[in-house]
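This briefing looks at aromatic rings and at the charged groups placed over them. Please read it with the sequence and the model in view.

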Amino acid sequence: MSRTGRLVAVSNRVGPVRGAAAAGGLAVGLVDALRERGGLWFGWSGRTASGRGSLRQEMADGITLATLDLTQQDFDGYYSGFCNNCLWPLMHFRIDLMRFEHRQLEAYRRVNTRFAQSLARLLRAGDRVWVHDYHLIPLAEELRRRRVRQRIGFFLHTPFPPTEILSTLPEHESLIRALFAYDLIGFQTEEDLVRFQEHIRRACGGTAKGGVVTAFGRELRAGAFPIGIDVDQFHRYAFTAPGNREFARMQSVLRGRDQFIGVDRLDYSKGLLRRMDAFGRYLEGHPKAHGKVILLQVAPVSRSDLIAYRSFRQELDREAARVNGRFARFDWTPVHYLNRALPRRTLAGLYRASRVGIVTPMRDGMNLVAMEYVAAQDPADPGVLVLSRFAGAAQYLREALIVNPYDGEETAAAMHLAREMRIQERRRRHEALMRRLRARDVSRWRRDFLAALSEVPAGRQGLRKAR
Ligand code: GDG
């Protein structure tokens with residue numbers, strides 16, 4: 001491995017570098033890695049422009065940010081269209097919501113080609129390229145066409161669907177084939193890795209032994225690299241200003257009431273409707289909790305240009321209103337529901353003030369909120385995490401109360417159990433969960449992935465023929 005080479009990260013969006021804390025776990029993890037050796041971060045600027053525009057480069061905190069604008073047409077076809085309206089539902093097993101249009105797939109390919117054209121010119125010998133997520137599956141293939149020989153790794157932040165689901169996507173074969181231009185592919189969990197290997201065996205006539213996968217006359221490495229958070233940093237957020245001020249403020253507002261908290265982008269994969277329903281069931285089954293418990297749901301609006309998201313939001317509004325209409329009293333509103341994003345440190349204080357963390361996605365690659373909730377707790381008097389078995393995080397956070405979100409009664413029962421749990425049991429579970437968070441934190445994620453990328457046997461990267 002070249003110790004001198006840069007790390008080149010590529011993601012759909014290039015996030016802010018300063019105050020990256022505001023942008024969520026992934027940006028924090030990447031920024032640290034890029035800072036270590038003066039890396040490059042390449043991707044979309046987040047802006048649309050009338051023309052194609054040219055590559056913009058700027059320095060921030062020792063990191064080179066290289067960004068491109070998208071045309072409105074590319075934004076609609078690539079980002080809103082193929083990425084968010086087709087691949088995202090597919091990856092979350094929601095083929096009922098998947099909308100496929102050939103011209104959107106073309107826009108997806110066009111943007112990936114454009115990214116590759118610009119990026120290829122910026123690369124130096126010895127660089128390691130780390131591409132993120134489903135937006136950029138064809139990128140390596142396009143780079144290889146431009147004679148890029150550096151090591152290129154890919155990390156999928158979402159789940160990898162089973163072959164029956166994946167094969168509903170027209171042209172899925174060309175996307176999977178494109179993955180074989182990477183040297184290393186990382187998944188969130190062993191389950192995702194196994195589904196990928198199964199697909200290669202069953203649908204592509206390939207082989208998968210250990211981490212070595214062959215198909216289409218090519219070979220790559222694949223592994224599970226569960227993402228984590230910066231545990232100590234997040235804990236600090238909850239216990240220092242302004243997080244601790246928000247905690248105190250929340251406590252005085254709660255006046256002894258117990259708070260359940262949910263924090264999710266407003267997305268159908270996050271299980272918000274069924275969560276509201278389960279909370280209603282909990283209140284129905286536990287009249288003594290009336291007036292004493294509230295559910296705070298922070299759900300910043302996302303992808304609101306898509307119909308699936310707009311109608312989902314309306315349904316959720318109705319469901320929250322239904323629970324409130326049914327149970328509220330003049331001095332108590334059970335569901336507090338916000339569509340605004342809050343600063344990260346405020347969130348930390350709110351997690352700390354919450355007796356129960358409710359993380360019940362129907363399907364989720366990992367779920368960082370589950371980890372943040374645990375990290376923000378007071379070890380002397382920690383809250384309890386209720387976690388869906390369909391979040392990747394459930395593979396690791398075994399001491400949470402694991403539920404099946406399709407079972408409203410089970411979820412309601414877990415809410416009750418969590419609220420009633422005795423302090424010794426809460427401490428025991430929290431301690432164990434913190435050990436797990438520390439063992440798989442965000443720096444281990446990037447260390448393990450980059451080490452595995454460096455260990456890919458040297459050769460003609462991406463052109464390695466299967467033996
Ligand atoms: C994808 C995968 C995978 C949320 N609301 C606010 C806010 N957030 C932050 C959270 C957390 C992040 O956004 C969300 O991360 P998740 O992991 O929960 O979910 P996705 O956004 O769907 O992320 C997922 C992840 O990638 C990483 O690989 O775990 O499975 O779907 O950090 O705190 N942050 C602020 N205000 C909010 O209101 N500041």
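**Aromatic contacts in a predicted model**

In this structure, the ring of Phe239 has the charged end of Arg352 sitting over it, at 3.8 Å from the ring centre. The model is a predicted one, and in it 26 aromatic pairs are found.

Charges over rings
- Besides the contact between Arg352 and Phe239, the charged end of Arg13 sits over the ring of Trp44, where the separation from the ring centre is 5.4 Å.

The pair Phe160 and Phe187
- Among the aromatic pairs is the one formed by Phe160 and Phe187, which is edge-to-face, with 5.7 Å from centre to centre and 80° between the planes.
- This pair links distant parts of the chain, since Phe160 lies in the loop between β6 (151-155) and α5 (163-166), whereas Phe187 belongs to strand β7 (residues 184-187), 27 residues apart.
- Phe160 is buried, with a relative accessible area of 3%, and Phe187 also counts as buried, at 1% relative accessibility.

The pair Phe390 and Tyr406
- Phe390 and Tyr406 form an edge-to-face aromatic pair as well, with 5.9 Å between the centres and 75° between the planes.
- Because Phe390 lies in the loop between β15 (384-388) and β16 (401-403), and Tyr406 in the loop between β16 and α14 (408-420), the pair ties together parts that are 16 residues apart in sequence.
- Phe390 counts as buried because its relative accessibility of 17% falls under the 20% cut-off, whereas Tyr406, with a relative accessible area of 47%, is partly exposed.

An aromatic cluster
- Trp130, Phe155, Phe225, Trp445 and Phe449 together make up one aromatic cluster.

How values were computed:
Residues are numbered from 1 along each chain as its sequence is written. This is a predicted model: local features need pLDDT of at least 70, side-chain atom pairs count only at pLDDT 80 or more; totals for chains, interfaces and linings use all residues. Side-chain values use heavy atoms; hydrogens and water are left out. Rings of Phe, Tyr and Trp (its six-membered ring) pair if their centres lie within 6.5 Å; planes under 30 degrees apart count as stacked, over 60 as edge-to-face and the rest as tilted. Helices (H or I, at least four residues) and strands (E, at least two) are DSSP runs, numbered from the N terminus. Buried means under 20% relative accessible area, exposed over 50%, partly exposed in between (1.4 Å probe, protein chains only). A charge sits over a ring if NZ of Lys or CZ of Arg is within 6 Å of the ring centre and within 35 degrees of the ring normal.
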